[in-house]
Amino acid sequence: MFAIQNLDELENFVRNFTFLALFFTTFVYWIYTAFFTSDSLPSIAPLVQDTSPPTADENEKLAIVNPLLQSSLAQGQGVGFAQVGSLQGSGQEGIKSQNSQTNLGAVLSPVGPQRGSLDIHIHPLKGTHYAPRICMIISNILLIILLIVRWEKSGHFPLSNLYESLMFLAWCCTFLYLVYSISFKLSTPHPLKGTHYAPKVEEKILGSLTASSALLMNAFATFSLPKEMQQATPLVPALQSNWLMMHVTVMIISYATLIIGSLLSILYLILTLSYNIRSDLKLPTSVEGKGLASSTTGNNLRLNNLISNPPVLSTVGGWGRGPLGSFLDLLSYRIIGLGFPFLTIGILSGAVWANEAWGSYWSWDPKETWALLTWLVFAIYLHTRLTKGWQGKKPAIIASLGFLVVWFCYLGVNLIGEGLHSYGFFS
Amino acid sequence: MALENNAVKVAWRKLLKELSSLPRAIAFMALIAGLSGLGTFIPQNKSFDFYIENYPEGAEQVLGFLTYKVIFLLQLDHIYSADYFYLSIGLLAASLAACTYTRQWPALKVAQRWRFVTEPRQLMKQGRTEVLPNASIRDLGVLMRNNGYEVFLAPEGSLYGFKGLAGKVGPVGVHAALLLCLFGTAWSGFGTLKGSVMCPEGQDFVVGSVMQPSTPLASPPASASNVMHVNAFSIDYRPDGSVAQFYSDLSLLDPYDGNRELMRKTISVNDPFRYGGITMYQTDWSLSAVTVRVLGNEAPLAKAAEAAASFSASNSDADPGLASSSGAPEAAAAGTDASATAFNLPMASLEGKPGVSGRLWATFLPLGEPGEDGSAPRGISILARDPQSVVFYDAKGQFVGVRRPGSGKPIAVEGLQLVVEDVVGATGLEIKNDPGVPAVYAGFGGLMVTTLVSYLSHSQVWALQQGTNLFVSGRSNRDKLGFDRELDGLLEAVPERKDLLPSAQQPQGQA
């Protein structure tokens, strides 16, 4: 095996390659998210349901609607709400879900001057939709290889200093993305039957976010940390325990999930602030602006659905209630909701380890204290969602605060200098 | 409960309501968070002088107002054991208990019941509502059941289904586990006995004598009367000189049974000694003494022995910095045997003394008489940082050489040939008896499991058949996105029934 003799060279090679892979992945995701969105629309605007084959009525209606919508798409114009509203009262409901994609395409285009990415209707080559995700998978695998090489070199689990934990953190971010992207794919019905898979804009947003985070972590570890701190050193006696694997692993996983979740909240806040200031459109009064709720009166149900479920850049109830806003809000809730149990397990396994090692399961060490603080902040976040009216912006502010707290807990406490966690960090 | 006029009951109910208020609970959590964070910026549990020195009054006030007086007044030097901190934790615990009692438990019981709706208006309150024309409620029921829902169908054409009840039970479990943790911690706080001891190799100590109770409520464990004997202490080093592991070979003896050995174990860090309710952890070490053998030349030797004897006689309360030779009587007894004489010289720690960085132990072998003015006699200084090597300095303080204990290689210092035989170490043990640990561990385990379970989503779906129209509504407490998609999928799969079903023809009255 060529690697046995040259583990150092292999490690260097893998390290550089990992950085390049992450850089490329980030680049690809950003480009892809920014420009290639015309055929990937937020899927959580509820698809209008009609389970029957189109009736003659419906076909007629479709015949009216579709060309209208398709032509407006081609011209890059939006269909105003007034136009959609004119379909109302024509009798039966029924825009088949299969065509709802194009339908929504019209609804989702903003009224008035075009803005943002929906301008550009570039249709990428079939199959290139997979490219970003393949890049992410490659980065993920490279990080695994890097950690394995370090494991081989040092003989102990590769999580004993800041460099290794940052690499593992980057891996967790990419892995988190892959898990969520697969769960999106599994639960989303194929938007247009018979066409190739097209990742949704939310998946692209998440991909851009995680790829950039992983890149920054990797870059910081590779280029900013002094070479001495990157070396794998033998473990001090206190770290020679099987608990090392469990406690540190789970903590880093929890940091990754909480960081990504709170980044989504920060993104939500930034977009809310931008769009609520700029948008000044009003909708017809027949609309119910209650987010995902809809009216239920009889035959006009589905159309009312359409109208009352606002498009991406909606002003109904603010941008935050629109599909993209709700998506960011709910996804960050879900991801933080996953990170919280991991954080709990990490803190508690650390406490049990401390009790086995030096007889005290809680000694108010700065690292322990800040981990508890992180736990409390995110517990508050999860609980504020139970309070009526606290959806969207207010929990997002708490999650954003949580972002700072997580970073201080991970890196900041080591700057304070004392405590049981000062192994090989800044001092 | 019906209205009660009993003032106590009214007050109790009001108290519960106040405590279980969520915003208040959030405020408690934020308060504890804030105080905890503060404790990481102000060093805790340091000496009085430390705060006076680092947080002075006058022009150099930290942050313009944080002086040592403020710190002591607000108990900021021991935030984590301050009464207001305990009070905050107590309030949080009370809030947890009140919330579980007044909100979670009743909600849980309600969630298990089947709740049917009788008109579409009620559906809209539940959440997102859809209507499917020409659909049958039974089809929906079957689909839901195949998707993992527990489905209940009322003959009036109303349906209720739920999935993931664990997601509703989880939070109750979280609160219960937290309360158990806090209870265990409180028990620990009251009932712990602990202490630390630095015991040289070959010596022993009574277990109970080195432990102090945290409060008078702490009762000594069964093993308190036993004697712990340190058989050996060693440090494993790596080739690069760093420490691999510390090992202490310990024996627990029963003094009431002729010093019968109860248990013997070699402990290391992360591998403590457990017996009879006490646990001993390897936490520290030091050097206790160095054994030095003098070869040949007996004249200086005899003089040294005499000088040492008179020195120790005149200075019976010897300065700890100057280790007197306890080997002097030995030397005198060994007397004229010129070939070899061993001194066992106790070492003292110089850590923290000016000019000393890190850990350092030293001892002194006097070679002459103390000066007329009482100044220290001429002698050899012997220093060591760890059991691996011993450093010699001559009477003028000049470096002479380094020797490894046990190598047998002599070193010439001040006309004497010295061989370092051994460095006697001492093991630093932390002894603890903590009765709250089982409760705390149980709470931890419960918390780990229940927080994971709380991640699961509890989804509910209601449906109402009116004529040929099927109204469907649903909501989920966690995974709203996934639930939306799932509901979409379910509704899409409901077939359209062009024929009118008998059940659909039954009169669906307004309830």
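A:Phe24 sits in helix H2 of chain A, the stretch covering residues 7–35. Keep in mind that this is a predicted model.

**Nonpolar patch on chain A**
- A:Phe24 teams up with A:Phe27, A:Ile31 and A:Phe35 in a nonpolar patch on the surface.
- Together, these four residues show about 370 Å² of accessible area.
- A:Phe24 itself has a relative accessibility of 47%, so it counts as partly exposed.

**Negative patch on chain B**
- Over on chain B, there's a surface patch of negative charge made by B:Glu306, B:Glu369, B:Glu372 and B:Asp373.
- B:Asp373 belongs to the loop that links strand S14 (361–366) to strand S15 (379–386) in chain B.
- With a relative accessible area of 67%, B:Asp373 is exposed.

**Cysteines**
- If you're setting up bonds, here's the tally: a search of the whole structure turns up zero disulfides over all chains.
- B:Cys99 is in no disulfide either, and its nearest cysteine sulfur, in B:Cys181, is 17 Å away.
- Buried or exposed, what about A:Cys173? A:Cys173 is buried, at a relative accessible area of 0%.
- B:Cys99 is also buried, with a relative accessible area of 15%, and that falls under the 20% cut-off.

Notes. Residues numbered from 1 in each chain as written. Chains lettered and ligands numbered in written order. Predicted model: local features only at pLDDT ≥ 70, side-chain atom pairs only at ≥ 80, totals over all residues. Heavy atoms only, no water. Patch = residues over 30% accessible without salt bridge, like charges linked within 9 Å, V, L, I, M, F, W, Y side chains within 5 Å. Areas by Shrake-Rupley, 256 points an atom, 1.4 Å probe, with all protein chains shown as cover. Salt bridge = Lys/Arg side-chain N within 4 Å of Asp/Glu carboxyl O. Helix = DSSP H or I, 4+ residues; strand = E, 2+ residues; numbered from the N terminus. Buried < 20%, exposed > 50% of the residue type's maximum accessible area, 1.4 Å probe, protein only. Disulfide = S-S within 2.5 Å. Lys, Arg positive; Asp, Glu negative; His and termini not counted. Charge placed at Lys NZ, Arg CZ, Asp CG, Glu CD.
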